[in-house]
Amino acid sequence: MMGDPRDRLPSAVKNLSELRAFLDDPGMLAALSPDGWANRATKLAIEAGFERDRAVSLMRDYIAPSLDTTISAISYGVMRFAQAPDQWAKLRADRSLTKNAVEEMVRLNTPIKSLSRYVASEVEVGGVVLPEGSRVMMVFGAANRDSARFENPDAFDIERNTKGHMGFGHGVHACLGMHLARLEMTLLFDALADRIERFEQTGEPVPAANSSIYSLERLPLRVHV
Ligand code: HEM
């Protein structure tokens, strides 16, 4: 659905099988750092009555959706600031803008391009009937560039009203880690703003081949401290 299954899929499946094997390993829980959050969260889930497999699946839900998404939002964010130095100057001058800047980075770049939902019962959306039992693809990136919702949607504007963007999804399955991601990005960009006067792009960014997450293979930059 999201790309040519012949090239990227086999290597992705290989990575996933390694993750699966790690999680299935009976010695895995014992090998976790005793004071770490992974150990604590898994043990609490088991104490709360989850089967081991379910508790470990919860752990996978913290590993799989958390890393590349945040990396994508941060690296594209740096790219946007390199391309719009006025926005970086604004952020450096007024740190109360950092939180909204993070939302704007997630809106404009939308790390997760799209996901799908199962249609449990027939419903009409925008004049289109979605039949029961079908699957509907939600293209978050398109929603986030909807000019009916966001004025001049392709522009990177850290002061715009970002309310209602779909970068973290929507509804009961909206991103579970959004608060952590926001906190990480806010702290990081504040720390960068303390030290970096400007980012200078020194070459063309190279997008990575990834069927579900926008990511960069390379971003040639010079950093002026
Ligand atoms: C900037 C970073 C991130 C972005 C853009 C992002 C985006 C998303 C999106 C679009 C969804 C699907 C929402 C939907 O179906 O409506 C999602 C789900 C999810 N995310 Fe994130 N995410 C980020 C970071 C994280 C982090 C750091 C974690 C965990 C620590 C995380 C854990 C999850 C989980 C567990 C789900 C599934 C929720 C469910 O199906 O009920 N995400 N995320």
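Let me start with a term: donors are N, O and S atoms within 2.8 Å of the metal, or 3.2 Å for Na, K and Ca, and water is not among the atoms, so sites may look incomplete. By that rule, the iron atom of the ligand has a single donor from the protein, Cys175 through SG, 2.3 Å away.

Two notes on the source. This is a predicted model, in which local features need pLDDT of at least 70 and side-chain atom pairs count only at pLDDT 80 or more, while totals for chains, interfaces and linings use all residues. Residues are numbered from 1 along each chain as its sequence is written, and side-chain values use heavy atoms, with hydrogens and water left out.

Back to the ligand. Cys175 sits in the loop between helix H8 (140-144) and H9; helices (H or I, at least four residues) and strands (E, at least two) are DSSP runs, numbered from the N terminus. There are 23 residues around the ligand, and Leu115, Arg117, His170, His173 and Cys175 come nearest. Being near here means that a heavy atom of the residue lies within 4 Å.

Next, the polar contacts, meaning pairs of N or O atoms within 3.5 Å; within protein, one must be able to donate a hydrogen and the other to accept it, and residues adjacent in sequence count only if both atoms are side-chain atoms. For His170, a polar backbone atom is 3.0 Å from an oxygen atom of the ligand. Two or more residues of the shell come from each of helix H4 (52-63), helix H5 (67-83), strand E1 (114-118) and helix H9 (178-195). H5 gives the most, with 3 residues.

Now Thr110, in the loop between helix H7 (98-109) and E1. Is Thr110 buried or exposed? Its relative accessibility is 1%, so Thr110 counts as buried; the cut-offs are under 20% for buried and over 50% for exposed, with partly exposed in between, using a 1.4 Å probe and protein chains only. The side chains of Thr110 and Asn144 make a polar contact of 3.0 Å.

Last, Val139, in strand E4 (residues 135-139). Val139 has a relative accessible area of 44% and is therefore partly exposed.
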